[in-house]
Amino acid sequence: MHPFALLRAHDATAAIAAHAQDPELAFIAGGTDLLGLIKDRATLPARLLDINGLPDMARIDARPEGGLSIGALARMSDVAVHPEVRKRFPVITEALLFSASGQLRNMASIGGNIMQRTRCAYFRDEDDLPCNKRRPGSGCAARHGLNRNHAIFGWSDVCVATNPSDLAVALAALDAHVIVRGASGERSIPFSEFHRLPGTTPATETVLKRGELIVAIEVPPSPEGRASHYLKLRDRQSYEFALVSAAAAVAVDGRRLRSVRLALGGVAPKPWRLTAAEAALSGVSLDDPGALARAIAASFGDARPLAHNAFKIELAQRVALRALQIAGERA
Amino acid sequence: MSETRRAELGEQRVAVALTVNGRACRLAVEPRTTLLDALREDLALTGTKKACDRGECGACTVHVEGRRILSCMTLAAMQEGKQITTIEGLEHDGQLHAVQAAFIEQDGFQCGFCTPGQIMSAVAVIEEAKAGWPSAATADLQRPISLANLSKAEIRERMSGNLCRCSCYPNIVAAVAEAATRS
Ligand SMILES: Cc1cc2nc3c(=O)[nH]c(=O)nc-3n(C[C@H](O)[C@H](O)[C@H](O)COP(=O)(O)OP(=O)(O)OC[C@H]3O[C@@H](n4cnc5c(N)ncnc54)[C@H](O)[C@@H]3O)c2cc1C
Ligand code: SF4
Ligand code: FES
Ligand code: FES
């Protein structure tokens, strides 16, 4: 690893000020994404600020009205196994338990998880292959290279990588908010606005600004929370990123869907909410798979496959349907 | 910042106090030193193995404050004041830990390179099941989980963060199952 200095933060205000003033400083939480990027020389910060000592940022609060507040430093394992998270939002527990490995989940923080970089295998190559995310203007090796694992929604000619976070898919479906603190106070970012599409600047993946610290994730109460499911399809059964995944949450009247929340992972540079499908699904019977599938298709009109991933269009619709049916069984 | 300036900053060693296998240790490490390198290079505890150095294989698994983690993906200086247990810390007074004994009985290895990581992970898997933690293989998240629920499918899922290049998986699963019934 290239050399850097390591500082310890004890106070959020001072940590935010240090980050704002120093463009070569990076926060480190679990380190499981950042240290890999540093080892691959994809980022070379001069100073790391260890934020694990910041007070009150690892709490998981089950709010009386049915929502959750998850501190940015809470570990993936602790959130996954929390009894109220399991009960109120199984989709969050499942998204976490289907991520990474037991060791990584003990280390990785929730803030770090939603900040993990959107990238593809070409990005890791140190100097030979073009990658606009790593070296702006160098081109995209995946656009006309091997792109089976890449995006079918939201990509640009500049970058076609997918966002790897499973948790982010669940949080997008649940309309969570990212609570961020900066020099001028706190702001609350709706989850679907937190990640941005690559456009011509693929290296900027979120709307977080320098000098901003994620302090918590707020999950609002929702009638769909309990009947929810995360379905993840991968090339091996465990310890692997999603080929395609879906987060589904439903409320029903008898066997009819009253309201639906649906988002996909593994298909876009950010968690991909299926808003057209959600609207079309309302009123449809869980016992009519044909009608469910037709409603889901409402969100696939703008899917654009690359050379090797057209199969994802069909696969994603089937994964969404299955996730919806399993969520329906929990209603 | 220039490379020279960067190197000056990075090479300023930082003092770290750790308790490793019950022994208090004081180290002076470069900030970039991973916990794995500190254990192997500074403390000569070479039981913990370095394979991928990217969080992808589990060979470097150790316990920090009783929880399994990957020592290649954290910095030694971030573990100030922590209790670390490595494979060398499992046996007591010549008595192997139940998981170590089970790996021998069930022939849970060939080359042995992944074995320290497998064993450290397995010890934690048993503790996690005792604590009622579900996994991706758990059918009903709402039901309480105990050691009795540690089926082969559960063990495979919970141990998936430890790869074995010799592919001893069936015997590893058998060893963890045996140790779990003895625990
Ligand atoms: C082998 C492997 C397999 C994996 N598989 C999966 C998987 O299947 N699914 C999945 O979802 N993930 C997977 N991951 C990714 C893993 O979940 C992330 O690496 C982890 O969640 C990052 O959290 P961290 O605390 O370690 O972040 P760090 O590495 O500490 O930080 C990551 C980034 O977030 C920033 N950051 C951290 N905290 C804050 C904060 N509070 N405010 C602002 N910025 C912050 C850091 O500056 C850094 O840029 C895998 C990782 C590995 C190594
Ligand atoms: S898809 Fe994005 S990350 Fe992958 S090579 Fe292209 S620019 Fe780089
Ligand atoms: S050496 Fe740490 S996970 Fe492979
Ligand atoms: S025994 Fe050889 S790698 Fe597992």
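Predicted model: local features only at pLDDT ≥ 70, side-chain atom pairs only at ≥ 80, totals over all residues.
Figure 1. Arg32(B), for its part, is partly exposed, with a relative accessible area of 23%. Opposite charges can pair up like this when the charged atoms come close.

**Figure 2. A salt bridge across the chains, Asp53(B) to Lys39(A).** Here the two side chains meet at 2.9 Å, N to O. This pair crosses between chains: Asp53(B) lies in the loop between helix 2 (35-42) and strand 3 (61-64) of chain B, while Lys39(A) belongs to helix 2 (residues 34-39) of chain A. Are the two partners buried or exposed? Asp53(B) has a relative accessible area of 16%, so it is buried, and Lys39(A) is buried as well, at 11%.

**Figure 3. Where chain B meets chain A.** Zooming out to the interface, 42 residues of chain B are in contact with 45 residues of chain A. Together the chains bury about 3,700 Å², with 56% of that on carbon and sulfur atoms. How many salt bridges are there between chain B and chain A? The count is four, and one between these chains joins Arg67(B) to Asp78(A), with the closest N and O atoms 3.0 Å apart. On the chain B side, the elements giving two or more residues are helix 1 (3-11), strand 4 (67-70) and helix 4 (115-130). By class, the chain B side that touches chain A splits into 18 nonpolar, 13 polar and eleven charged residues.

**Figure 4. Domain 2 of chain A against domain 3 of chain A.** Chain A is assigned domain 1 (5-53), domain 2 (60-115 + 165-219) and domain 3 (228-329). The C-alpha centres of domains 2 and 3 lie 21 Å apart, and their contact takes 23 residues from domain 2 and 19 residues from domain 3. About 1,700 Å² gets buried between the two, 61% of it from carbon and sulfur atoms. Which three residues supply more than any others of the area that domain 2 buries against domain 3? They are Phe98(A), Val169(A) and Ala173(A), with 30% of it.

**Figure 5. Polar pairs and helices at the domain 2 and domain 3 interface.** Three salt bridges are counted between these two domains of chain A, along with 13 residue pairs in polar contact, both at pLDDT 80 or more. Helix 5 (90-97), helix 8 (166-173) and helix 9 (191-194) of chain A each bring at least two residues to the domain 2 side. Helix 8 gives the most, with six residues. That side of domain 2 has 16 nonpolar, four polar and three charged residues.

Figure 6. Asp175(A), Glu224(A), Arg261(A), Arg273(A) and Glu278(A) are linked in a network of salt bridges. One of the links is Arg273(A) with Asp175(A), whose closest N and O atoms are 2.9 Å apart. Another salt bridge in chain A ties Arg258(A) to Asp253(A), also with closest N and O atoms at 2.9 Å. Arg258(A) is partly exposed at 43% relative accessible area, and Asp253(A) is partly exposed at 46%. Over all chains, a search of the whole structure turns up 35 salt bridges.

Key: Residues numbered from 1 in each chain as written. Chains lettered and ligands numbered in written order. Heavy atoms only, no water. Contact = heavy atoms within 4.5 Å. Buried area = accessible area lost by both parts, 1.4 Å probe. Helix = DSSP H or I, 4+ residues; strand = E, 2+ residues; numbered from the N terminus. Nonpolar A, V, L, I, M, F, W, Y, C, P; charged D, E, K, R; others polar. Buried < 20%, exposed > 50% of the residue type's maximum accessible area, 1.4 Å probe, protein only. Domains from an automatic or database assignment. Polar contact = N/O pair within 3.5 Å; in protein donor to acceptor, adjacent residues only side chain to side chain.
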